[in-house]
Amino acid sequence: MTKLNQANLDRIPVPTPGYDRTHVTVGIVHFGVGGFHRAHQAMYVDRLLAEPKARSWGICGVGVRPADQAMRDALVPQDGLYTLTLKSPDGAVETSVIGSIVEYLYAPDNPETVLEKLADPGTRIWSLTVTEGGYNFSPATGEFDAENPAIVADLSGNQPLATVFGLATEALARRRARGLPSFTVMSCDNIQGNGHIARSTFLAYAHLRDPELARWIDTHTSFPNSMVDRITPVTPPELAAEVEARTGIVDNWPVVAEPFTQWVLEDSFSDGRPALENVGVQIVDDVTPYELMKLRLLNASHQALCYFGYLLGYRYVHDAASDSDIRELLRRYMFDEAEPTLAPLPGVDVNAYIDTLLERFANPAIADTIARLCQDSSDRIPKWLVPVIRERLHAGGNVDLAAAVVASWTRYAEGIDENGDAIDVVDPKADELVPLAQKSRTEPLAFVSERGLFGELADHDGFTKPYLWALETLRTRGSRETLKELLA
């Protein structure tokens, strides 16, 4: 068996970085090194580093949260190397070693080191995958939460900086004082308008710290929008043993993903950018149409799958996606209700994209869990599904399928499945949602009357009629019969 590290690369029996990592310098500092970053952005950069002119675009990963200590302890002994395993629906398996993360820092160990890495002239992009919650804004109002104790502590200046806002803003202040250009802030999170959200939240923090600095950032810092796509489940506990048995590589924290990958990136950078178009990234002037395609087709369909799937007893996505009724629900939702709300997409065959999604969902090799898709619904459905419902109603179209998906969420959020067993509702608003879902048994519109999530939908008969039918049928006849009658 071979431990994964730089010294052992020549003994590794799978594809390894096609470049000399000792000649790579850091051009990108990335906060939030998790499975998705390592399966997506770091993989693209790894491909790019094979080009001699790209060697200044290596990645320095940074952890900020206490949970990130585990990634530090996994990657540092491996010199930032890790294996990426791609599993196809036909059973094909491909493992390679990714080498683009050439340094890893854990901010609580030494915040000053992180600050100077960000302030270094060689750092031209600061990228992040910190999840939607990491942007510290209210989902209901969109406003930056200045009362967050961590934000208050960073603004006080009485202790080492600990948040992404404090660290990045201090680094930008140093760059400004030293006459250096701003780095680009490149969000790679799965959020609609991720660049716009990054701009608004980081400027809000900067304004609280120093209005003059905020004006400088507003003028000199680019926040490109992006659309990212690759199904990357949480690393299953058996993956490391599987990789070792198949390849002989001992990897502290391997990653598994599907073969499909997509990255659409707005061409807006403060201080140059890598030639990512050379490795398959779509560089465009406007990400919005591509973003809406993904959010309203892939992400919203995950919501259509997960609650019905859970209620039917499935626990893995591929099992639910192989169910003929769920597959037909997804297909009809995407073709009949979601696709009509999309703008024209140059160079994209949307029908082929939908067919590809159905194949990807049914990939048994990925073993993505339904529980993962059911998490944080209050952040997801208002952004991915509710806009489809609103636009369809505005255009005079029906929303029978989307309304049934909302009903399935309501039924799931009651916290009791069809066998009377408890459901663990994992959601930041669970304490509010579960009682509302239970209340809807006597006040049928109680759940969807939560305007912070659904706006005015409870006032629209075009939505409430199919919603109430689906919810009542779910409760009286069960999820299987509801699907069959819905699709009849």
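The following legends describe close-up views of a predicted model.

**View 1. Residue D79 and its backbone angle.** D79 is not a glycine, yet its phi is positive, at about 60°. Most residues other than glycine have a negative phi. D79 belongs to the loop between α3 (69–75) and β4 (82–87). With a relative accessible area of 33%, D79 is partly exposed.

**View 2. Residue T131 and its backbone angle.** A positive phi, near 70°, is also found at T131, a residue other than glycine. The loop that holds T131 runs between β7 (125–128) and α5 (149–156). T131 is exposed, because its relative accessible area of 52% lies over the 50% cut-off.

**View 3. The salt bridge between D109 and R72.** The side chains of D109 and R72 meet in a salt bridge, with an N to O distance of 2.9 Å. D109 is in the loop between β6 (101–106) and α4 (111–119), whereas R72 is in helix α3, so the pair ties together parts that are 37 residues apart in sequence. R72 is buried, with a relative accessible area of 18%.

**View 4. The salt bridge between R273 and D267.** The closest N and O atoms of R273 and D267 are 3.0 Å apart. R273 is partly exposed at 25% relative accessibility, and D267 is partly exposed at 43%.

**View 5. The salt bridge between D368 and R372.** The side chains of D368 and R372 form a salt bridge of 2.6 Å, N to O. D368 is buried at 5% relative accessibility, while R372 is partly exposed at 23%.

**View 6. A network of salt bridges.** Salt bridges with shared partners join E112, E116, E170, R174, R178 and R209 into one network. The structure holds 33 salt bridges.

Conventions. Residues numbered from 1 in each chain as written. Predicted model: local features only at pLDDT ≥ 70, side-chain atom pairs only at ≥ 80, totals over all residues. Heavy atoms only, no water. Helix = DSSP H or I, 4+ residues; strand = E, 2+ residues; numbered from the N terminus. Buried < 20%, exposed > 50% of the residue type's maximum accessible area, 1.4 Å probe, protein only. Salt bridge = Lys/Arg side-chain N within 4 Å of Asp/Glu carboxyl O.
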